[in-house]
Amino acid sequence: MAGVELQEWTVQAAAQYERTHQQYVGGARKLEALINELIGEEEGINYLSATARAKDPESFLAKASKPHPDDPDRPKYDDPLNQITDLVAARIITFLVEAVDRVCEVIESEFEIVEHTDMGAHTRAQGAFGYASKHYLVRLNSHRRELPEYAVLKNLTMEIQVRTAVQHAWAEFEHDIRYKLDIPPDRKPEFDRRFLLAAALMELADNEFAEIDKLYRELAAAEPDAAPMDLTTGTLTTYLTRRYPDAPHAKTNHYAWILGILAQLGVTTEEQLTELLQGTDSQAVQAAMTHRFPAGTVRRLDDDLLAAKGSEYVDLFPAEERRQKILRGRLKALARAGLIETPT
């Protein structure tokens, strides 16, 4: 295929994508909402952001225009609408490496995995420092493909990237420099060396954040008993870290959310919360819940409050049908474990 024919072909493909672009935009919104529901609402993982986007038509044209690596006279993609796998793509950014691993567990459990690439493992295998993101190509699982609300994503392969905030900053800056600047060959070693040094510091920063988190937990757990304090997001965070020392931290807004629930229960101090949970065996509650992943601090409290208050706790959410359904399912699990009476 001659160069001029390739150009005409790619323009036609791009025009077709532009006509259907809004469908992909809608699909990106669905994927973003689903990811936030899975890792935030359901699993309570502490993460910075989870966003999704549909590929821009201009970016599609640029990618569809790439020639085949073995034959420059023919396109790399014979069917770009089906072969380009990032028409809808999501990026999840966490604070800690631990949360990256937890997010990846959720992805591998909730999606059909087409391909998985651990960029960090590849870099480490070469004895180097560098890009450490985890990349997935996924499709909806069979259950969700049958749901009308996900019709726009039914047959689509999508990309999901997971990395820490430190890794994200490095990757975005490195991409902007390397791919948007024509670096002269004689200056390339200098850029390579500095990016390598930055990558080493990036890994060190992630390790230090993990150590700081560990030190915080140890300090919170060892904190001597003080006079009971009023509950704020800050004091509640420390209280829950002390009560659930092995549980991962939750998102900051989740502490504010559970604080509002406690207020509805008339619980506004640490002393009142301790009294409310006094008869609750948190370990037994978690065993009954059979969560697929380690529950975060806010989820642990949510479960304990359910065990302590039973159906009364479910009644706090009259306008949240989905949450009521989830809580009733947990009540049945508690009843099967003999921790509460069978709910009516």
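Residues are numbered from 1 along each chain as its sequence is written, and side-chain values use heavy atoms, with hydrogens and water left out. Because the model is predicted, local features need pLDDT of at least 70 and side-chain atom pairs count only at pLDDT 80 or more, whereas totals for chains, interfaces and linings use all residues.

The chain contains 15 helices and seven strands. These are DSSP runs numbered from the N terminus (helices: H or I, at least four residues; strands: E, at least two). The C-alpha trace spans about 80 × 50 × 30 Å along its principal axes. Of the 344 residues, 44% are buried. Buried means under 20% relative accessible area, exposed over 50%, and partly exposed in between (1.4 Å probe, protein chains only). Among contacts between residues at least 6 apart in sequence, 69% join residues at least 24 apart. A contact requires heavy atoms within 4.5 Å.

The largest nonpolar core has 42 residues. Such a core is a set of buried Ala, Val, Leu, Ile, Met, Phe, Trp, Tyr and Cys residues joined through side-chain atoms within 4.5 Å. Phe111 and Ile160 have the most contacts inside this core. Elements giving two or more residues to it include helix 1 (3-42), helix 4 (97-110), strand 4 (88-94) and strand 7 (158-164). Helix 1 provides the largest share, eleven residues. Ile160 touches Ile35, Ala90, Ile92, Ile107, Phe111, Lys134, His135, Tyr136 and Val138, leaving aside residues up to four places away in sequence. Another core, of 33 residues, lies apart from the largest one. Leu240, Tyr244, Leu259 and Leu316 are among its members.

Helix 9 (residues 233-243) packs against helix 10 (residues 252-264), with axes that come within 10 Å and cross at roughly 95 degrees. Helix 9 is therefore roughly perpendicular to helix 10. Axes are lines fitted to C-alpha atoms, for helices over the stretch in contact, and angles run from 0 to 180 degrees between N-to-C directions. Angles under 35 degrees count as roughly parallel, over 145 as roughly antiparallel, 65 to 115 as roughly perpendicular and the rest as oblique. On helix 9, Thr233, Leu236, Thr237 and Leu240 take part in the contact. Their counterparts on helix 10 are Tyr255, Ala256, Ile258, Leu259 and Leu262. Seven of the contact residues are nonpolar, two are polar and none is charged.

The structure holds 22 salt bridges, each a side-chain nitrogen of Lys or Arg within 4 Å of a carboxyl oxygen of Asp or Glu. Arg322 pairs with Glu41 at 3.5 Å, N to O. Arg322 lies in helix 15 (residues 321-336) and Glu41 in helix 1, so this bridge ties together parts 281 residues apart in sequence. Arg322 is partly exposed at 38% relative accessible area, while Glu41 is exposed at 52%.

Glu112 and Arg145 form another bridge, with their closest N and O atoms 3.2 Å apart. Glu112 belongs to strand 5 (residues 111-118) and Arg145 to helix 6 (residues 142-145), so parts 33 residues apart in sequence are tied together. Glu112 is partly exposed at 33%, whereas Arg145 is buried at 16%.

Arg242 meets Glu270 at 4.0 Å, N to O. This pair links helix 9 to helix 11 (residues 270-276), across 28 residues. Arg242 is partly exposed at 25%, and Glu270 is buried at 12%.

Methods
Ala, Val, Leu, Ile, Met, Phe, Trp, Tyr, Cys and Pro count as nonpolar, Asp, Glu, Lys and Arg as charged, and the others, Gly among them, as polar.
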